[in-house]
There are 2 protein chains.
Amino acid sequence: MYAVIEIESVLERAEKKTLTRTGTTVEHMVRAIADLIITGVLKPGEKMDEGSLAVRFEVSRTPVREALRQLCAIGLVERQPNKRAVVTNVSGSALNSMFEAMAELEAICARLSAERMTTAERRRLQKMHEESAAFVGASAGEDYEAFNTEFHTQLYRGAHNEHIFELATQTRARLSPFRRAQFRIEGRLSKSWGEHDQIVGAILRGDAVAAGIAAYDHVSIVRDASATFARMGRG
Amino acid sequence: MYAVIEIESVLERAEKKTLTRTGTTVEHMVRAIADLIITGVLKPGEKMDEGSLAVRFEVSRTPVREALRQLCAIGLVERQPNKRAVVTNVSGSALNSMFEAMAELEAICARLSAERMTTAERRRLQKMHEESAAFVGASAGEDYEAFNTEFHTQLYRGAHNEHIFELATQTRARLSPFRRAQFRIEGRLSKSWGEHDQIVGAILRGDAVAAGIAAYDHVSIVRDASATFARMGRG
DNA sequence: GATGATTTGTACGTATGTATA
DNA sequence: ATATACATACGTACAAATCAT
């Protein structure tokens, strides 16, 4: 449920890529498989074979193969010749490097947003942020997650730079399988909102430097929270 | 000739993506078509049809299709359903956004390089940079370009962050068709070397802030130079 | 380690959608 | 506007590689 918005950001990307309006079979497959991965139905490291996916979605292997190749380029799956595709399993160090990249990208977006957001965009950001406060107390993690995703998307858009938006969205999609569970940590929700509050405040008063720092720190905390959760899950 | 190294960075990326060692037909096609685009044989906006590419490389259309799909995801080509693929033609504003993104990414790499490069890496960067000085006076643009590419690759590597390396390499590949001709501008070569000198100096003395600023400015100048050349070419 | 079963890689054919006369 | 030519989308077939026993 909460994953719907997250998914749409991925699809949005795919759509922009191919400039598809209605959607060919391949496009549907890209979305469908991405959904399976992002929602966690297919877990990192899991193997997928073209045949199964083909029968599952009642298409031939050809569009499945093309979809897998595209997902591979996006980074959601990995392939080796003559072997089955696997859901990308980001190893520890790679995960760290992706979170660091995410922090840098979000810092850029926050900084540029502080400088470039239109009045309407600032208003929308603030309104959305205030609305999301309602879900903090209710410990409605899934509802909050929808706001959270939208919040970050607005941040990426606010930079007014198409390519940076793309890089940020792409990186976020690749991280989503590993960031999903962080809100189950006690108290993470209200802290997250507080961090957003810092970012929003800095953007609204046009303080680019503070916005960048706040965004960088926010992602760093998410990284640590995710790592904590991963340890909890295993230990 | 000078494009060889640039190409290899793209291929490197493709290789890491699919983890291919020897290379299937599709991988060869990805490289081959990317080469055609990056070297300028196929120009931005040019249409490609699967059949022609297939006979040109003496393979069936199937691997061509998959290669095109991957190139589309990378961003080198664009596709619409039932229409021919076209070499991505970055419109003015999009080109600006990509150069800005490149500047931000290179700034990050330079900053992190200043902090993280090993002694060996610093030595190599300096040595390579000094060697490249020989090609400045000779106005040997093509030879210098090889060094230039290697210089930037070392910068990306020096950040010691796999994902940032990937983002930077990817963005650079997408820009290369539009950056190619800049060195034909009078005096650009020696200025470029001077800009590199600033970056190298800052990295060697561990001044992260200065390195970041120098790298950002360097890319901004390249952008302006490329724009100038584009205007010259048309006017 | 060898063999049978699965799975991938590539070629090719047909149907459908798009451009052109 | 209709028809013809052409390019793509998807399905199917088979060889080669991989995996499992």
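**Note on helix packing, chain pairing and the DNA-facing surface**

1. In this predicted model, helix 5 (residues 92–116) of chain A packs against helix 9 (residues 162–179) of chain A at an angle of about 140 degrees, and their axes are 10 Å apart. Helices (H or I, at least four residues) are DSSP runs numbered from the N terminus. Axes are lines fitted to C-alpha atoms, for helices over the stretch in contact, and angles run from 0 to 180 degrees between N-to-C directions. Helix 5 of chain A and helix 9 of chain A are therefore oblique to each other; angles under 35 degrees count as roughly parallel, over 145 as roughly antiparallel, 65 to 115 as roughly perpendicular and the rest as oblique.

2. Residues are numbered from 1 along each chain as its sequence is written, and chains are lettered from A and ligands numbered from 1 in the order in which they are written. As the model is predicted, local features need pLDDT of at least 70 and side-chain atom pairs count only at pLDDT 80 or more, while totals for chains, interfaces and linings use all residues.

3. On the helix 5 side of this contact in chain A are, among them, L95(A), M98(A), F99(A) and M102(A), and on the helix 9 side, including I164(A), L167(A), L175(A) and F178(A). Contact requires C-beta atoms, placed from the backbone, within 7 Å. By class, there are 13 nonpolar, 1 polar and 3 charged residues (Ala, Val, Leu, Ile, Met, Phe, Trp, Tyr, Cys and Pro count as nonpolar, Asp, Glu, Lys and Arg as charged, and the others, Gly among them, as polar).

4. Between the chains, 28 residues of chain B are in contact with 28 residues of chain A. Helix 1 (3–18), helix 4 (61–74), helix 5 (92–116) and helix 9 (162–179) of chain B each give two or more residues to the side that touches chain A. That side of chain B has 11 nonpolar, 8 polar and 9 charged residues.

5. A rotation of 180 degrees with 0.0 Å of shift along its axis superposes chain B on chain A, with RMSD 0.1 Å (least squares on the C-alpha atoms of residues with pLDDT of at least 70 in both copies). That is the relation of a two-fold axis. The same surface serves both copies, as 100% of the contact residues of chain B recur in chain A.

6. DNA strand D is surrounded by 19 residues, and T24(A), T25(A), S60(A), T62(A) and N82(A) are the closest; near means a C-beta atom, placed from the backbone, within 6 Å. Helix 4 of chain A gives the largest share of this surface, 3 residues.

Definitions and conventions:
Contact = placed C-beta atoms within 7 Å.
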